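Please keep the sequence and the model in view while going through the numbered points.

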Amino acid sequence: MGRKRLGDSYLLCMLGFLGPAGIHRFYLGKPVSGLFYLFTYGFFGLGTIIDLFKMPRMVEEANRRLYIERALDDDEYDRYRNYPPRRLGEYDSSPRSSVSSDAPKRPEAKSLEHLIFILAQENKGVLTAAQLALESGIPADQAQHNLELMVAKQYAREGMRHNGLKVFVFEEFLSDSVRAQLKF
């Protein structure tokens with residue numbers, strides 16, 4: 001699937017006034033509300049009118065979801081598949097031993113929060129609890145809790161991968177090209 005365009009979304013939304021309402025919601029990756037609009041004629045036309053005003057934000061959100069899915073699909077498996085399992089225990093900020101010596105050295109993290117920022121930057125702004133647990137040596141539930149604290153502190157926001165995996169997005173670490181493409 002490609003990047004969603006605002007003009008296409010408006011066109012599909014306008015079709016709702018001629019008959020099949022809600023097609024724009026299917027296009028933007030919201031099939032449940034699309035079905036609801038389809039069966040209620042765009043929530044009796046009111047929902048379709050409201051969507052005309054909300055369309056830029058809806059398109060932006062759809063493109064953000066696509067970016068997060070692509071970022072994880074392309075990099076997550078390749079980056080972590082060769083790492084040996086690590087036992088639970090002390091926090092460890094040193095680079096993994098399986099990383100080649102030619103790879104740039106990761107700066108030593110001064111705290112777990114610092115390591116979270118380093119990992120978010122290395123992963124193009126997208127981080128999972130499993131990635132943090134793997135890199136830090138802390139239990140997965142503790143990693144999840146620490147990432148949720150980062151959301152509470154407004155350093156990150158929560159997202160969802162297409163397969164249901166919860167991710168944490170650190171927008172300041174997204175590349176400029178992605179920012180321009182997604183109109184952040």
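Leaving aside its neighbours within four places in sequence, with which residues is Arg25 in contact?

1. Arg25 is in contact with Lys30, Pro31, Ser33, Gly34, Tyr37, Asp51, Lys54 and Met58, when neighbours within four places in sequence are left aside; contact here means heavy atoms within 4.5 Å. Arg25 belongs to helix α2 (residues 23-27) and is buried, with a relative accessible area of 9%. The classes of burial are buried for under 20% relative accessible area, exposed for over 50%, and partly exposed in between (1.4 Å probe, protein chains only). The side chains of Arg25 and Tyr37 are joined by a polar contact of 3.5 Å. Such a contact is a pair of N or O atoms within 3.5 Å; within protein, one must be able to donate a hydrogen and the other to accept it, and residues adjacent in sequence count only if both atoms are side-chain atoms.

2. On the basis of the model: it is predicted, so local features need pLDDT of at least 70 and side-chain atom pairs count only at pLDDT 80 or more, while totals for chains, interfaces and linings use all residues. Residues are numbered from 1 along each chain as its sequence is written, and side-chain values use heavy atoms, with hydrogens and water left out.

3. The protein chain contains nine helices and three strands, arranged along the sequence as α-α-α-α-α-α-β-α-α-β-β-α. Helices (H or I, at least four residues) and strands (E, at least two) are DSSP runs, numbered from the N terminus. Of its 184 residues, 40% count as buried. Among contacts between residues at least 6 apart in sequence, 55% join residues at least 24 apart.

4. The largest nonpolar core has 17 residues, of which Leu112, Ile116, Leu127, Leu132, Ala143, Leu147 and Phe170 touch the most other members. A nonpolar core is a set of buried Ala, Val, Leu, Ile, Met, Phe, Trp, Tyr and Cys residues joined through side-chain atoms within 4.5 Å. At least two residues of this core come from each of α6 (112-122), α7 (129-136) and α8 (140-152), and α6 gives the most, with six residues. In soluble globular proteins, nonpolar side chains tend to be buried together.

5. The buried residues of α6 are Leu112, Leu115, Ile116, Phe117, Ile118, Leu119 and Ala120. After this helix comes Lys124, whose phi is positive, near 60°.

6. The axes of α7 and α8 come within 8 Å and cross at roughly 115°. Axes are lines fitted to C-alpha atoms, for helices over the stretch in contact, and angles run from 0 to 180 degrees between N-to-C directions. The residues making the contact are Ala129, Leu132 and Ala133 of α7 with Ala140, Ala143, Gln144, Asn146 and Leu147 of α8. Beyond four places in sequence, Leu132 touches Leu112, Ile116, Leu119, Gly137, Ala143, Asn146 and Leu147.

7. Is Ser136 buried or exposed? Ser136, in helix α7, counts as buried because its relative accessibility is 0%. A polar atom of its side chain lies 2.7 Å from the backbone oxygen of Leu132, and the Ser136 side chain also reaches the backbone nitrogen of Ile138 at 3.3 Å. Ser136 and Leu115 are 21 residues apart in sequence and 7.8 Å apart in space, C-alpha to C-alpha.

8. Most residues other than glycine have a negative phi. Tyr41, although not a glycine, has a positive phi of about 55°; it is placed in helix α4 (residues 41-44) and is partly exposed, with a relative accessible area of 41%. Gln154, likewise not a glycine, has a positive phi of about 65°. Gln154 is located in the loop between α8 and β2 (157-160) and is exposed, with a relative accessible area of 71%.
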